[in-house]
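Visitor: Hi, I'm new to this one. Could you put it up and walk me through it?
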Amino acid sequence: MSETQYNRRPVRMVELIQPRCALRFGTAPCMAEGTPKCYNTYSTCRDQDNYDPSGSIAWRFTDASNQGAFRGIGEVDGEHIKTPVIPCLTGTATKPTRLNLGAARDGESPFGVRSQLDVDFQDIPWFDQWGDYYREDRTNPNRGTYWAKQKARNEFLSGWTCFYYEGYAGQALEDMQQRLFLPEQIDGPDAGGKVSLRAADPLQLADRRRSLFPRPTHIILKDDITDSQTTVAVFSSEADITDQFGNTTERYIRAGDEIFSYTTATLIDEPSGEYSLTGITRGVFFTEATAHEENDTLQRVGRYENMPFWEVEYDLLTKHTPAGLKDSYIDEAQWDAEGNQYLGIFRATGTVPEPTPVTDLSGELCQQGLFSIWWDERSQKIPMLAVRPPAEEPVAINDRQHILPGATLKEAPEERLTRVLLYYGQRNPVRGDDPGNYARAQYRGEPDIEAAVAGGEVRTKTVFSRWIREDTLAIQFTRRLVARYLKTPRYLTISLDAKDRAIKVGTVLRVTTRTITDTEGNERPVLWQVISENEIKPGMTVIYDCQTYAFVGAFGVYMAEGSPVYTVAAAGLGPDERPSGAWYAGPDGKMSDESEGYQYQ
Amino acid sequence: MSVFIEGTIPTPNNPRIIWDKIAGEVAASSEDALYEAILADQPQTYTAWRPEAVPATWSITPVSPVPVDSCAIGCHNLGSSGATVFVEYFDGADWIEAATATPTDDSAILFLFAEVAAADAWRIRITGAIAEIGVIMFASAMVFPKGAQFAPGLPITEAEQYEYNVNKTDGGDWAGRSLISNGLQFSVTINNLSETFAAGDWAEFRRHANEGDATFFIAPKPLAYPKEVAYAWSNETIRASRNTPNKAITRSVDLNCQGYREL
């Protein structure tokens with residue numbers, strides 16, 4: 001059974017995976033004593049020094065009417081338990097990811113609108129038939145309800161994960177659509193037994209409150225220092241003075257408005273945490289070396305030099321967010337392949353002089369590095385997509401075969417741009433956004449569009465970039481930004497049957513609908529890029545939000561020596577290289593098969 | 001759903017409710033982790049016993065022998081697994097077969113047989129394939145002294161509840177249909193019951209259905225309509241109202257039930 005079959009039976013399951021202690025109460029190395037015995041959770045542990053979180057239990061929930069679809073899925077593998085389904089699920093609602101292409105929409109996170117899962121349950125009598133190793137020792141194991149007991153036994157949800165399965169009766173669990181979320185809170189049970197779970201995508205770990213780069217450091221000057229001193233004594237933890245914040249060999253530190261670098265930190269006295277900093281260069285990055293006083297607080301400074309933009313982003317997400325944002329959420333090979341193909345010449349060099357939310361830095365990197373990242377619930381990864389033409393043939397959809405009633409089309413004139421002014425080559429990172437603090441500026445405008453006869457509207461975006469140093473990228477950035485937003489951005493919302501749900505965020509569609517025509521009233525196929533998908537009726541109907549797609553036509557990609565000629569590639573005699581190749585067109589701008597010629601990207 | 005009648009039983013077309021299962025010590029030849037044998041002795045539908053290998057047995061040994069004339073099995077996948085079930089009792093010397101069947105689907109099963117007054121233990125034996133069983137009841141069935149009303153009514157075999165979601169495109173084409181199943185919903189009406197019946201077996205069943213574990217197996221016409229059996233419960237208070245000024249036939253029962261349906 002699948003979404004393409006008729007009379008499909010949608011089913012859903014929520015799986016909450018909870019870390020558990022792999023030890024047994026009172027059995028060495030566990031030294032726990034007393035009653036009641038633990039429930040292998042940290043909150044109920046009586047010997048937390050020896051708590052071993054390497055075990056887990058996955059609680060599975062579904063609707064009462066669907067339990068037959070999940071028969072037999074319970075299993076135990078060592079210290080990892082996956083329960084059969086508990087039929088107390090009463091409702092689910094998802095708020096989908098909404099992609100912010102190239103972080104271009106101001107006021108919105110570079111990660112776009114974050115996806116969220118809300119789940120409702122009805123509490124049920126629970127007699128701990130699964131997962132309680134000490135049930136026979138309990139006074140009255142049959143007392144109480146499932147969620148009331150869970151809340152009492154688990155004070156925090158950190159380390160928990162939540163999978164949301166959507167599929168059809170008859171499908172194996174591994175073939176169902178799976179989405180990963182991290183639980184944030186569980187409300188209830190209320191007097192009626194209702195329980196609500198809220199979970200959000202893992203990028204929540206990079207949000208403003210949780211992730212700063214560089215993190216706040218507590219480093220104290222031991223003595224007064226002069227404006228030329230090159231050996232400095234400080235009090236600090238080892239981590240604060242030696243951790244890497246960026247990709248440079250030197251470490252950087254800020255004292256007041258001065259930044260200086262050091263190469264070596266030598267431990268002088270361990271109990272007090274005194275270190276001697278040597279190899280110092282005072283007043284770097286156009287900051288002024290000045291005297292500083294004993295007990296002044298110093299802050300580590302982050303710096304990346306000549307590093308691909310997406311690699312800077314990768315470093316921030318994997319090394320400067322809480323441990324929960326695992327490497328496994330990012331397909332580094334996909335990032336490298338995408339970046340090397342489309343963004344290889346763009347390098348970032350920038351200094352972050354104070355703790356700054358990772359999400360803010362990500363916004364800068366995505367916008368100026370010309371790529372988008374978002375949480376893909378289905379693949380459970382954070383993909384990276386360059387702002388580029390599509391590599392695959394757009395998916396064609398139309399009114400008759402695909403689009404359900406209720407499509408909407410909206411314009412966003414406030415997002416339109418006719419001019420972009422970019423200041424780059426930042427001098428003093430402490431001085432901030434002042435045009436005089438930047439070595440260069442790049443301007444891109446469209447005077448024809450601004451002319452009175454064309455509407456006479458001027459819309460300017462000014463960008464101060466700490467990362468861009470090269471003219472090439474400055475030109476690319478301003479050109480692409482204006483190209484994308486010169487015409488009023490439009491947003492199309494369509495509903496499709498689940499048979500089309502292979503379409504996902506980032507997919508480019510060629511939409512033919514009666515509501516979009518040419519000047520003569522004929523339906524006109526238009527390219528759109530999917531920025532959000534929401535399975536509004538799980539397993540039945542999906543709503544897609546799409547944004548106008550700026551790249552129209554075939555864009556060329558340099559090919560390796562020995563690649564076939566166009567006629568061979570078009571004849572299907574081997575892999576179709578036309579989407580990722582380039583050949584010269586005829587004098588009329590057409591290829592031999594009358595298709596449009598290739599354009600430079 | 002299937003009723004299997006072994007041998008001769010009294011009033012085979014009168015409605016039967018199996019609820020008063022024998023209590024005792026449960027044991028099994030084997031059990032998978034998370035699928036312990038004791039779970040099949042409990043009313044909830046989402047837990048089950050599953051053996052590690054077949055042939056397998058699940059047995060219950062009462063403290064003292066009690067009469068048993070029925071065995072009901074629900075929330076299982078015996079049919080789709082291809083298993084065969086034997087119902088057996090221990091007479092002190094050997095296991096004796098009371099009934100057997102090879103189910104063809106996963107709907108509720110009811111075995112009815114001549115009463116065994118004093119068996120030491122009862123069991124089901126599964127052969128052919130490993131399967132899961134959610135509910136097993138051995139009991140003396142409550143037999144109604146009158147037949148169930150034939151019409152008007154909805155047969156249990158057509159009591160499934162579906163919600164349909166049809167997608168038609170903007171161009172008017174049919175794009176697909178999804179259906180959501182929501183178990184069974186049916187009613188069984190039995191008229192002309194006596195005050196004696198209401199004060200006896202019926203009163204005990206009411207207490208169970210309204211205040212106790214609540215679930216039961218029901219077969220309105222076991223012989224004539226063997227497909228009509230369900231593992232069910234009521235969402236409203238069960239009562240037997242008085243309708244005529246004649247104590248012998250005054251009571252009427254209208255059971256509005258929801259039932260378990262394997263997806």
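Predicted model: local features only at pLDDT ≥ 70, side-chain atom pairs only at ≥ 80, totals over all residues.

Visitor: What size of box do the C-alpha atoms of chain A fill?
Guide: Taken along the principal axes, that box is roughly 90 × 80 × 50 Å.

Visitor: And how much of chain A is buried?
Guide: Of the 601 residues in chain A, buried ones make up 53%. As for contacts between residues at least 6 apart in sequence, 69% of those in chain A join residues at least 24 apart.

Visitor: OK, what about the largest nonpolar core? How many residues does it have?
Guide: That core has 59 residues. A:Phe309, A:Trp335, A:Leu343, A:Phe371 and A:Trp467 are the ones with the most contacts inside it.

Visitor: Let's pick A:Trp335. What does it touch?
Guide: Leaving out residues up to four places away in sequence, A:Trp335 touches several residues, including A:Trp310, A:Tyr314, A:Ile373 and A:Met384. A:Glu313 and A:Pro383 are also among them.

Visitor: Switching over: where is A:Asp315?
Guide: A:Asp315 lies in helix H3 of chain A, which covers residues 309-319.

Visitor: Is A:Asp315 buried or exposed?
Guide: A:Asp315 counts as buried because its relative accessible area is 8%, and the cut-off for buried is under 20%. Not counting residues up to four places away in sequence, A:Asp315 touches A:Tyr304 and A:His320.

Visitor: Now the other chain. How many residues does each chain put into the contact?
Guide: Chain A gives 45 residues and chain B gives 37 residues. On the chain A side, A:Arg9, A:Ser65 and A:Arg71 lose the most area to chain B, together 22% of what that side buries.

Visitor: What area is buried between the two chains?
Guide: About 3200 Å² is buried between chain A and chain B, with carbon and sulfur atoms giving 50% of that.

Visitor: How many salt bridges are there across the interface?
Guide: The rule finds 4 salt bridges between chain A and chain B. One joins the side chains of A:Arg400 and B:Asp173, at 2.9 Å from N to O.

Conventions. Residues numbered from 1 in each chain as written. Chains lettered and ligands numbered in written order. Heavy atoms only, no water. Contact = heavy atoms within 4.5 Å. Buried area = accessible area lost by both parts, 1.4 Å probe. Core = buried A, V, L, I, M, F, W, Y, C linked by side-chain atoms within 4.5 Å. Buried < 20%, exposed > 50% of the residue type's maximum accessible area, 1.4 Å probe, protein only. Helix = DSSP H or I, 4+ residues; strand = E, 2+ residues; numbered from the N terminus.
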